[in-house]
Amino acid sequence: MKNIKFKKKYLFVIAVLAVFVIAGSFIPGYFTFANIMNVTRQSSTTAICALAMTLVLIIKGIDLGTGGVMAFCAMIGGTLMLSGVPVFPAILIGLAVGLLVGILNGILISKIKIPAFIATYVTGQITLGLALVIGQGRSISGMPASYQAIGNNLILGIPINTYIMLIFLIITSVILKYTRMGKHIYGLGGNEKTLQMEGVNVDRVKIFAFALCGLYAALAGILLSAQMNTVHPTQGSTYQLDAVAASVIGGVSMLGGEGKAWMSVFGALIIGFLRNALDMLGIHPYYQNLAIGTAIIIVVGISVYNRNKELETAKVF
Amino acid sequence: MLAFNQKAEEVKQKKRIRDFIKNYGNVVIFLFIWLAGMIFVKNFATLSNNLGILSQAAIPAISCLGMTFVLMTGGIDLSVGYTLGFCSYMFGLFAYKMGIPVIAALLLTMVIGALCGLLNGLLVQIVKIPAFIVTLGTGYIIFGIAQIISNGSAITNLSDSILAIGRAQFLGLPSMVYIAIVVVIVAWFILHKSTFGRSLTSVGLNVAASKLSGIKTGFVTVGAYVICGICSSLAAVLMAARVNNCVPTMGGSEFTFRVITAAILGGASLSGGVGTAWGSVLGVLTIYSIENCLGLLGVNYYMYTALLSIIILIAIIFENLKNRILQ
Amino acid sequence: MGKTILKMKDITKYIFDEYGKAIRNSSVKILDQVNFDLQEGEVHVIVGENGAGKSTLMKVLGGIIPADEGTVTLHDEIYTVKGPKEAREKGIAFIHQELNLCLNLDIAHNIFLGREPVKNGLVDHKKIYKKSREYLDSFGYGDIDPRTMIRDLSTARQQVVEIVKAMSYRSKIIIMDEPTASLTKKEIDHLFTLIKQLKSEGISIIYISHRFDELMEIGDRITVLRDGKSITTMSMEHFDYDQIVKLMVGRMIENMFQCNHQVSDEEILKVEGLQISPRTDPMDLTVKKGEIVGLGGLVGSGRSELAKSIFGAHPVYSGRIYYKGKEYTNPSPVQSIETGIAYLSEDRKYDGLITDKVIKENITLASLPQLFKSHIINTKMERQVAAAGIRELNVICRSMDQLVSTLSGGNQQKVLFSKWLTSKPDLLILDEPTRGIDVNAKAEIYQIIDNIAKNGVAVLMISSELPELIGMSDRIYVMRKGSISLEITQKELMTQETILQNTLG
């Protein structure tokens, strides 16, 4: 049984790579180094959002406010930079705000017991609204060169964005696999009652997961703006969708308790390359969203159907 | 003996307060906002201002009624804004580009709305995917399809007869308000006087008991989403008629947010089974009154979008805490 | 065996809600001055019918609910705990029937859930797997890999994990609630070997079960509970099957039952070769017009599933159902109600009534298509129907617009009856019709059921209360392990002992 699951995962990876190789050979310019680097850089943002979403999906939650946080924290950082605050502290403040929004979400969901999708939906609208307030509906640009450098420079031929993403991938993997909190995150997704009976502070686990989610979303937004040298108030909206899609494709179950950080990052790469291919084929982003929305429904539908079948056969009579 | 009587009285009083808040919480919130507006905001309590609020609230109210039906099944529809845009374009397509008579075009558009709702309902009921994921995805799907059909263009020359309906006024109120009132009455009737409405509240409160009582729970759930889709299509046609613009980007996520929060403020419970037609109306009026106040106070447009969201969050927190404290 | 380490004295618990709090205005006792003691290194078996109080007593011991009266002493110290975690810290582990494991984690992580060992700030996987390996080995399970996911384990193995986990906390007392319910003979042998090993290490086991052949093999002493009271405790050496059965049921059947109905010859329901699962034996069953047929058996014997299969709320794996002489294919609740079959479910609060709705709406809930053919609710008619229902069954309430949740258990049950009677059934299936209601209300319900049969309705009544079953039924079927084990057609043969013997494994 274990071997079959093992093979299934890697089979999936190989299959996807095969599809890309085949598809890519039909698209001119797809396999150039420049293009691959570009896509990797862009996917890094998606990947960080996917990591954020993975954390909350494992505990059977969701974050529908990722887009808002991405815009809001980047706005705060950018505005501070434009008023003379040095880049590094400005970024830190932006990240701190993201963390706080995440903690707020966690408290709303665990202590006040507001369903995750509503809590994050509303806080997402609040952050989006505030982002619009700060920029008065417009985007801001003209941040310091060092900020732009973070988003665009290469070290050893690989974008800094990607290094940062990899660092956070490692951090997240370590948290999930090697810390008590990580174990409890999986446990919570598996059986909340059992975890409670073992005396684990379930509320704290939830707040932790959502707090990190907010932090990561802020990071993603800040990196994105560094790359574009602009902060668009609505820059986060597509990433909202892609974060869910990447996690779901990466095997995170909507029913909780399952998911691996690197698989979600891989899912983000898939989405990134997919969008790139579609772009090059001249397919408008709106239609790409259609495809990705459909993909989410199909993947989730299959996993829910399978899980329900499992539960049916487990019944005694 | 005395102490026992005292305790019994206390419990009775607490219960009365609890029931009052449960049944009339939305009225309390609305009155609170209205009184606050009257006291603190100049020009709020004038007749013309309030008529203006009614006019603004009319079209979203129609969509909010549909959302209430969905919320009562314990679900949610995040795609209403996109359904609205899609239907507005389709109406323009039918009425203008294809030259179909207005009434037929309206009916066809409502069919489109129903189909969008049907898609959502079937995915939620049969495949059993959580509603927020389904409607998150279908939102993009519907928008994408709308874009494909419209090819990025808008339709802006609706016939005069349609525009006339859009601009007609009667007793100082636009026709929209009267149409909305009719829809509210129909919704009220379905919700409170029909067996469908009774089945809906049953399913929302206890699916297992409903099933065993012979209630067609699948039909009811899917039906709620279909109704929501139809409401959005109706709102779409009215909005298109008013602004003479049929484009997929009409409505969108902002509209969706207003409708959902209006329904929640109006008393619809997120866990299902609770909701009223007039409650939804109150919810919409509350939201547009807040907007109006903020506008009159000269609050910057973007600021009040943010403030509105914050107020809504506070209201939801209040609603959830109230349920927990009073248990 | 050894010295007494646990003493439970005069434990009393009144009927409680899902939060463990006593339900006001009720003097129904779930436990009534129960005495129980446990010696070191013994396997102490507790037996009793459904509702005798076994699970509740253990929940008190396991810290899940508090006792209302009485004392518990553990190792000569007063024992009060606020939750299962504290109970375990004091050395008492409770292995429930529904296992408390995270299916998405492996064995080792489940054992260490909540207390994962940490080295240099990170979880020490080496230690987790090493220790789990040790624990498993010490019980002879060298073949189980601690890295196996729980969801990939059989129920038997999952149970082993729970036991190993309990032992890893150095528990001195382990409570096992129906541990062999889903095990094969071989797995049961393994379990018993494990239990014997635990005994030799001085661990005491409280073993709840109704499988008498196993009890004799593994038990040292046996305590019989009946109607919330502890009847007797004796050594297994003196175990006498008939005597134990007598003690489990031995009660006076009060004359609460009148019989004013007459059984006619017409067969309303006939079930032929019905299987409620692919693994159970086919069943035959009939119910005549005006007859009250009792369906006995233990919890989990499949009675509700049989009832639901007839009604259409549970799949039928083979066999046929004949209703009023015609075959009833593809049963569904909608169709059943339409043709005149009604099913009064076991748990009125869960799937019987909608407690957040008013009485009036509950009464008409199953009859909406019948009463309101135009799909529009006629308020006047609804009020008339509800008033009639309330009157006929003597539901005590302030008004029909009162929430069902505010009614007493007995009155709620009457509303449930009223709901089904409103649908004018010719076959009424009752699932535990007097569960959780006091004696007076029970008597009223029995009268109601008798009247229903008198009006020519065929009644199939599931009941775990033997006096009720015997007092009300014209005929009795007894179920065991998903199929029928016995049919009793003569009143003289309906004894509590006979029925119980045919329910026990």
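1. A residue is called buried here if 20 or more other C-beta atoms lie within 10 Å of its own, exposed if 12 or fewer do, and partly exposed in between, with the C-beta atoms placed from the backbone. Helices (H or I, at least four residues) and strands (E, at least two) are DSSP runs, numbered from the N terminus. The model is a predicted one, in which local features need pLDDT of at least 70 and side-chain atom pairs count only at pLDDT 80 or more, while totals for chains, interfaces and linings use all residues. Residues are numbered from 1 along each chain as its sequence is written, and chains are lettered from A and ligands numbered from 1 in the order in which they are written.

2. Helix H15 of chain C, residues 409-422, is mostly covered, since 14 of its 14 residues are buried. The expected span of a helix is taken as 1.5 Å times one less than its number of residues, and for the 14 residues of H15(C) this gives 20 Å, which agrees with the 20 Å between its end C-alpha atoms. After H15(C) comes C:Lys424, whose phi is positive, near 50°.

3. The domain assignment of chain C, whose bounds come from an automatic or database source, gives domain 1 (1-91 + 172-251), domain 2 (100-170), domain 3 (261-340 + 427-505) and domain 4 (355-424). Between the C-alpha centres of domain 1 of chain C and domain 4 of chain C the distance is 41 Å.

4. Strand E21 of chain C, residues 475-480, is also mostly covered, with six of its six residues buried. In a regular strand the side chains alternate between the two faces of the sheet. In E21(C) both faces are covered, with C:Arg475, C:Tyr477 and C:Met479 buried on one side and C:Ile476, C:Val478 and C:Arg480 buried on the other.

5. Which strands pair with E21(C)? Two strands are said to pair if DSSP finds at least two bridges between them. Strand E15 of chain C (residues 292-296) pairs with E21(C) in the parallel sense over four bridges, and C:Val293 stands opposite C:Arg475. Strand E22 of chain C (residues 483-488) runs antiparallel to E21(C) and is joined to it by five bridges, with C:Arg480 opposite C:Ser483. E21(C) and E22(C) form a hairpin with two residues between them, and C:Lys481 in the turn has a positive phi of about 50°.

6. C:Ile64 lies in the loop between helix H1 (54-61) and strand E4 (69-74) of chain C. C:Ile64 counts as partly exposed because 18 other C-beta atoms lie within 10 Å. Two residues are in contact if their C-beta atoms, placed from the backbone, lie within 7 Å; neighbours within four places in sequence aside, C:Ile64 is in contact with C:Lys59 and C:Pro84.

7. Chain B has 13 helices and two strands, and 56% of its 327 residues count as buried. The radius of gyration is taken over C-alpha atoms, and the globule rule is 2.2 Å times the number of residues to the power 0.38; for 327 residues a compact globule would have a value near 20 Å, and the 21 Å of chain B agrees. Along its principal axes the C-alpha trace of chain B spans about 80 × 55 × 35 Å.

8. Is helix H8 of chain B (residues 195-205) enclosed or open? With 11 of its 11 residues buried, H8(B) is largely enclosed by the rest of the structure. The buried residues of H8(B) pack against helices H2 (47-72), H7 (175-193), H9 (207-212) and H10 (217-243) of chain B, together with helices H12 (359-364) and H13 (368-371) of chain C.

9. Where chains A and B meet, 33 residues of chain A are in contact with 32 residues of chain B. Helix H5 (116-135) and helix H13 (285-313) of chain A each supply at least two residues of the side of chain A that touches chain B, and the largest share, 14 residues, comes from H13(A). Counting Ala, Val, Leu, Ile, Met, Phe, Trp, Tyr, Cys and Pro as nonpolar, Asp, Glu, Lys and Arg as charged, and the others, Gly among them, as polar, this side of chain A has 22 nonpolar, 10 polar and one charged residues.
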